[in-house]
Amino acid sequence: MSLTALASSALALTLSLTGQAPADLTDPHKKDIAMRLVSSAENSSLDWKAQYGYIEDIKDDRGYTAGIIGFCSGTGDMLELVELYTARKPGNVLAGYLPALRKVNGTASHKGLDPHFTRDWKTAAKDPVFQRAQNDERDRVYFNPAVEQAKKDGLRALGQFAYYDAMVMHGPGGDRLSFGGIRKSALAKARPPAQGGNETTYLNAFLDARKAAMKAEEAHEDTSRVDTAQRVFLKKGNLDLDPPLTWKVYGDSYTIKK
C-alpha cells in the first residue's frame with residue numbers, strides 16, 4: 001500500500017462507517033470551536049468575539065498584543081492589520097499610527113503609540129470594518145496556512161487545531177521557536193499520517209516539540225494550553241475535535257457542550 005493510501009485509510013474507514021467525511025476545522029462550527037479554545041488561553045474567555053477591543057502589553061518583548069488573535073506591534077502582524085483597515089477605510093482612528101507602527105516593528109517599543117493608542121484601538125474595535133479586517137488577517141496569516149499544512153500532513157481537526165494554536169502563539173516562521181521549527185522537530189521524531197505514520201503518535205511528538213518551544217520563552221512557560229487542553233483531547237482519542245469538550249487553561253475550567 002502506498003503512503004497516500006495509508007494516509008487516507010482513517011478517512012476511508014470513517015466514510016464506510018458514517019457515509020460522510022468528518023468535518024475539518026474549516027467547517028463553521030468547528031472553526032468557532034477553535035476560536036473559543038484559543039480565546040480561553042489568550043483571554044480567559046470563550047467569547048472570542050468580545051476580544052476585538054482587547055489590547056495590552058503582556059511583557060513578552062513583542063510590544064502591544066491586541067485583538068482576537070493577539071496581533072503584536074512588535075511582530076508586523078498588527079502593522080499589516082492596520083494597513084488593511086486603512087486601505088478599506090481611509091482616515092480611520094488608527095490610520096495616523098501607521099508611521100509609528102512601522103518604526104516600532106521588530107521591537108517592544110511603544111514610541112509614537114502612547115498615550116492614546118490603546119484608547120483608539122478600543123474605539124476602532126466597535127467598527128464592523130475593523131472587525132472584518134481582524135477576521136481576514138487572522139485567516140490569511142494564521143488559520144488558513146495552519147489548516148492547509150495540517151491537511152497536507154494528513155491530520156484531522158484536532159491536529160489542524162494544534163497547528164493553528166501553535167502558529168498563533170509562535171508565529172509562522174521557520175526558526176526553532178516558530179511554527180516551522182516546531183513542526184520540523186516533530187517530524188524528526190515521528191511521521192505524520194501523510195507519510196504513513198500514526199496520527200496520535202505524531203501529534204504527541206508535535207505537542208512535545210510545542211512544549212519545548214514554550215518553555216524556551218519566559219512569557220509562554222505555562223504549558224497548560226497543551227497539557228490540560230490539547231493533550232486531554234488527544235488522550236481521549238478525539239481526533240475530530242468533537243464536542244462535548246472539557247479542558248483547563250491556567251487552572252481555569254471550560255466546557256463546550258455542543
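Tutor: Two strands pair if DSSP finds at least two bridges between them. Strands here are DSSP runs of E of at least two residues, helices are runs of H or I of at least four, and both are numbered from the N terminus. The model is predicted, so to speak of a local feature takes a pLDDT of at least 70 and a side-chain atom pair counts only at pLDDT 80 or more, while totals for chains, interfaces and linings use all residues. Residues are numbered from 1 along each chain as its sequence is written, and side-chain values use heavy atoms, with hydrogens and water left out.

The part in question is the hairpin of β4 and β5. Strand β4 covers residues 245-249 and strand β5 covers residues 252-256; the two run antiparallel and are joined by five bridges. Across the pair, W247 faces Y254 of β5. Two residues separate the strands in this hairpin, and Y250 has a positive phi near 55° there. Y250 belongs to the loop between β4 and β5, and it has this positive phi although it is not a glycine. Most residues other than glycine have a negative phi, and most peptide bonds are trans.

Another cis bond is found between D114 and P115, where omega is about 10°; P115 belongs to the loop between α5 (98-104) and α6. Positive phi also turns up again: K59, not a glycine, has a value of about 60°. K59 is in the loop between β1 (55-57) and β2 (64-66), and it counts as exposed because its relative accessibility is 67%.

On a 1 Å grid over the protein atoms alone, a cavity is a set of points where a 1.4 Å probe fits but cannot get out, and lining residues have an atom within 4 Å of a point; a pocket is an open set with protein on both sides within 12 Å along at least five of seven lines. Grid points are joined across faces, edges and corners, and a volume is the space filled by probe spheres set on the points. One cavity of 30 Å³ or more is counted, and the volume of the largest cavity is about 50 Å³. W247 and V249 are among the residues that line the largest cavity, along with L37, V38, F161, D165, R225 and A229. At least two lining residues come from each of α3, α8, α11 (224-235) and β4. Helix α3 contributes the most to this lining, four residues.

The lining is made of 27 residues, and E42, I58, D60, M169 and H220 lie nearest the centre. Two or more lining residues come from α3 (28-43), α4 (77-88), α7 (128-152) and α8 (157-170). Helix α8 supplies the largest share of this pocket lining, three residues.

Rings of Phe, Tyr and Trp (its six-membered ring) pair if their centres lie within 6.5 Å; planes under 30 degrees apart are stacked, over 60 edge-to-face, and the rest tilted. The count is twelve aromatic pairs. In one of them, W121 and F130, the centres are 5.0 Å apart and the planes at 80°, an edge-to-face arrangement; W121 and F130 are both buried. The pair of Y163 and F179 is edge-to-face because its planes stand at 70°, with centres 5.0 Å apart. It links distant parts of the chain, since Y163 is in helix α8 and F179 in helix α9 (residues 179-187), 16 residues apart. Y163 and F179 are each buried.

How values were computed: Buried means under 20% relative accessible area, exposed over 50%, partly exposed in between (1.4 Å probe, protein chains only).
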